[in-house]
Amino acid sequence: MTAQSRARLLDEAERLFLAQGYDRVSVRAVNAAAGMNPAAVHYHFGSKRDLVVALLQQRLGPLWAGPLADLERARAAGWTPTVGEVVTIIVEPFDRLAREPNGPMLLQLLARTVLSGHELPWDDPWFRHGPWRALLASARPDLSAREIADRWRLAFDLLLQLYGQPVADAFVPPPAAAAVVGFVTAGLDAPRPAGPPADASAPGPSLPGPSPTARTERGAS
């Protein structure tokens with residue numbers, strides 16, 4: 001019954017967010033729409049923000065699950081993906097989602113949640129920065145840990161602004177996926193700047209919390 005109650009709350013929250021916008025939907029409204037008692041959201045999720053985190057993971061996680069599983073199998077077999085291949089895995093689901101009926105609403109929720117700067121209770125590690133940093137470190141072993149963290153923070157912030165448009169009143173279709181992949185890849189894979197290396201021991205920002213992704217690094221750690 002608990003799983004069914006959680007699913008009903010998530011379904012009603014998504015429906016209300018799509019119809020009214022995140023800011024206009026209260027926890028009380030979600031509980032009422034689901035036909036549950038006024039404490040249901042707090043009991044099952046803890047807060048409105050945690051409800052959104054659960055909704056985003058449930059709706060968005062499957063979009064990346066297949067490509068990421070393929071990536072992990074290939075890495076286990078000894079393959080090291082290029083930066084462009086990693087970026088493609090990130091961007092293509094964003095691009096497809098942006099063109100679906102509920103997509104812009106979910107993307108805006110993701111951007112607003114991750115860019116809020118709060119630590120977020122992501123269960124899926126791919127919503128955090130750690131796995132993405134490891135991939136970039138494999139492709140670019142010449143970069144320090146700090147340089148890798150900074151590059152991912154810039155890349156994820158750009159993608160969240162582009163696809164999530166957190167302050168836009170009306171959704172503006174993004175550029176073609178190939179253009180976005182090329183632009184982000186150029187930044188992540190850029191030559192190291194001249195001069196002394198960045199302090200490898202300096203802590204990078206934490207994502208969702210990324211980690212998509214926390215301050216998504218803001219978003220992931």
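Me: Of the 221 residues of this protein, what percentage count as buried?

Reply: The share that counts as buried is 46% of the 221 residues, where buried means under 20% relative accessible area, exposed means over 50%, and partly exposed lies in between, with a 1.4 Å probe and protein chains only. This is a predicted model, in which local features need pLDDT of at least 70 and side-chain atom pairs count only at pLDDT 80 or more, while totals for chains, interfaces and linings use all residues. Residues are numbered from 1 along each chain as its sequence is written, and side-chain values use heavy atoms, with hydrogens and water left out.

Me: How many helices and how many strands does the secondary structure of the protein come to?

Reply: Helices (H or I, at least four residues) and strands (E, at least two) are DSSP runs, numbered from the N terminus. Here the protein has nine helices and zero strands, and along the sequence the pattern reads α-α-α-α-α-α-α-α-α.

Me: How do I read the crossing of helix 5 and helix 8?

Reply: Axes are lines fitted to C-alpha atoms, for helices over the stretch in contact, and angles run from 0 to 180 degrees between N-to-C directions. Angles under 35 degrees count as roughly parallel, over 145 as roughly antiparallel, 65 to 115 as roughly perpendicular, and the rest as oblique. The axes of helix 5 and helix 8 come within 11 Å and cross at roughly 15°, and the two helices are therefore roughly parallel to each other. The crossing is right-handed; the term applies if the near helix is turned clockwise from the far one by less than a right angle, and left-handed if anticlockwise.

Me: Which residues of helix 5 and helix 8 meet?

Reply: Contact means heavy atoms within 4.5 Å. On the helix 5 side the residues are V86, I90, V91, F94, D95 and A98, and they meet W152, F156, L159 and Y163 in helix 8.

Me: How many aromatic pairs does the structure hold?

Reply: Rings of Phe, Tyr and Trp (its six-membered ring) pair if their centres lie within 6.5 Å; planes under 30 degrees apart count as stacked, over 60 as edge-to-face, and the rest as tilted. The structure holds eight such pairs. One of them is F94 with Y163, a stacked pair at 5.3 Å centre to centre with 10° between the planes. This pair links distant parts of the chain, since F94 lies in helix 5 (residues 83–98) and Y163 in helix 8 (residues 145–164), 69 residues apart. F94 counts as buried because its relative accessibility is 4%, and Y163 is buried at 0%.

Me: How are the planes of W152 and F156 arranged?

Reply: W152 and F156 are stacked as well, at 5.0 Å centre to centre and 25° between the planes. Because these residues are four apart in helix 8, about one helical turn separates them. W152 is buried at 1% relative accessibility, and F156 is also buried at 1%. Ring pairs join W152 and F156 with W126 and W132 into a cluster.

Me: Where does L97 lie, and which residues does it touch?

Reply: L97 lies in helix 5 and is buried, with a relative accessible area of 3%. Leaving out residues up to four places away in sequence, L97 touches L60, L63, G103, P104, L106 and L107. The C-alpha atoms of L97 and Y163 are separated by 9.0 Å, although these residues are 66 apart along the chain.
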